[in-house]
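Please find below some notes on the structure. They are set out as numbered points, each on one topic.

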Amino acid sequence: MANRYIITVDVGTSSTKTALWDDAGLLVAETSQAYTLHRPDPLWAEIDGDVWWQATCDTIRQVIGRSGVTAHDIAGIGVDGVGWTLLPVDRSGDPLHPAMIWLDRRAEDETRWLKALPDADKLVDLVANPIDAAYITPKLLWLKNHQPDVFEAAHQFLTASGFIVARFTGEFTCDYTQAYGYHFFDIRRECWDAGTAARLGIPLDKMPRLCACTDIAGTVTELAAEQTGLPAGIPVIAGCLDATSGALGSGVTRLHQTNEQGGQAGGMAVSLDHVVVEPQLIFSHHVLPGQYLLQAGTVGGGSLGWFRDMLGQVEANAAAQTGESVFEQFSQQAGQTPPGSNGLIFVPYMAGERTPLWNSSARGVFFGLSYATTRGDLLRAIMEGCAFAVYDNIQLAKAKGAVITEYLGSGGATQSAVWCQIKADVYGAPFIVARRADGGEGGHSLGLYALAASAVGLCDDAGTCVERLLPQRQVFEPSPERHALYQDLFQVYRSVSRKLLADFDTLAEINRKYASKINM
């Protein structure tokens, strides 16, 4: 049957994943293409927008080629992308400067300036988000201060998903879930605030049209058709923030459900029906009408990857011989260590920490090492420390009145039953992994499918669609005894993390002071 397929494009930090779905929500084909961030300075994290577009074009051709589906049978396209990204483009939608993504913290001076404004609190209240260098507003001011020619030449300032949508359609849009990065976005009225923008020196004529994520932004242009191999005229939705499509794809369809993210960028997102202003956390629209997401973002999810790269040669050699993945071996070793890791606590601030600390200087710490510490202790402590980092944010959200009915896990960590059980025990609540009928994870692509399918009429409601497509639920029940132990250990974790903040800053200053003076 013609026009019964959906293409989803998930533009991530390290790769773009593209998937092809049929009208029943079954995955037909998927592929990904990796790329490398450019980091000319420790605080910078940027990428050429054309790299994203090339990855999009390449992966679309690959999924169409592998599936045997005729491109003319595509009914719609959904796009999501990383958050807090600034990409200035000209009138043709071509990049004028590399995209500064969420990891980029070069705008520290601009952040201090914003925080020092007499009405800084009003900026926070307007968008219900803190002022931090990761957000788009400081990056805009950095561009204006350091690249004024680019700032003036820019026709539009786009987000990651907005850029890909523009390449598909020629239309410049910003959906509500991505707009939370701008401190002149009125999150309650869903509009740019002209007075605030003028106060910050941001011309609103350079800002794209705001819209809901399921609005049809436009259709595939002749140029995009030539580049992707798709026919012109396919509807493209405005798209969304990757964290929000991921929350939907994990099963967050109803109020108070919470997505617990176990990936490189970990965290949680609890669905609410009202705006909450908590400057230590993150707040955005959800992709479903009438819902918002109170979010936390942590950076410790890559700690096991660091352990693999630095200390995992034994497991890597075994994997080459047995085919058992390194992470499966890590999980087995962690499972052989008792809860609490024999008194070892890991603080997972391997690249600073976002919520609730908002501290770029914070670093990872093993606390409680001894001659008796084993490899399994180290691995389990990493898993427990990442769970503590999320729990730190959960406590804060609950203090603001957030009610959590269930935790729905997503990301690579859900492949480890040991890690999932640790999370259930730390949070003191059932930890659920919802999966598709074929056993696959929901995630960003499934959420995008539901959004695009509902927008073009292949399903009536995105939330109901996701619930239908996630029939399997693996539930990890908490142990009261282990939860009591983790409650006590969490108090030590929190104390250690807070007491070291000043020392983290001092250490960072020492490193900066001597970095260029001492040659090894």
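1. Two strands are taken to pair if DSSP finds at least two bridges between them. In that sense, the bridge partner of Tyr5 in β2 is Asp22. The model is a predicted one, and the points that follow should be read accordingly.

2. Strand β1 (residues 5-11) and β2 run antiparallel and are joined by 7 bridges. The two form a hairpin, with 3 residues between them.

3. On to the next pairing of β2. Strand β3 (residues 27-34) runs antiparallel to β2, and 7 bridges join the two. Within this pairing, Thr16 has Gln33 in β3 as its bridge partner. β2 and β3 also form a hairpin, here with 4 residues between them, and Gly25 in the turn has a positive phi of about 85°.

4. How many of the 8 residues of strand β2 are buried? The count is 6, so strand β2 (residues 15-22) is mostly covered, buried being defined as under 20% relative accessible area.

5. Salt bridges come next. Side chains of opposite charge can pair when their charged atoms come close. Searching the whole structure gives 22 salt bridges.

6. One of them is between Arg188 and Asp125, whose closest N and O atoms are 3.4 Å apart. This pair links distant parts of the chain, 63 residues apart: Arg188 is in the loop between β10 (185-186) and β11 (191-192), and Asp125 is in helix α3 (residues 120-127). Arg188 counts as partly exposed because its relative accessibility is 39%, and Asp125 counts as partly exposed at 38%.

7. Arg494 forms a salt bridge with Asp392, with 3.6 Å between the closest N and O atoms. Since Arg494 lies in helix α17 (residues 480-499) and Asp392 in helix α13 (residues 375-399), the pair ties together parts that are 102 residues apart in sequence. Arg494 is partly exposed, at a relative accessible area of 37%, whereas Asp392 is buried, at 5%.

8. Asp309 forms a salt bridge with Arg308, and their closest N and O atoms are 2.9 Å apart. Arg308 counts as partly exposed, with 33% relative accessibility.

9. Which residues make the nonpolar surface patch of about 300 Å²? They are Trp306, Met310 and Leu311. Leu311 is found in helix α10 (residues 303-311). With a relative accessibility of 41%, Leu311 counts as partly exposed.

Conventions: Residues numbered from 1 in each chain as written. Predicted model: local features only at pLDDT ≥ 70, side-chain atom pairs only at ≥ 80, totals over all residues. Heavy atoms only, no water. Patch = residues over 30% accessible without salt bridge, like charges linked within 9 Å, V, L, I, M, F, W, Y side chains within 5 Å. Areas by Shrake-Rupley, 256 points an atom, 1.4 Å probe, with all protein chains shown as cover. Salt bridge = Lys/Arg side-chain N within 4 Å of Asp/Glu carboxyl O. Buried < 20%, exposed > 50% of the residue type's maximum accessible area, 1.4 Å probe, protein only.
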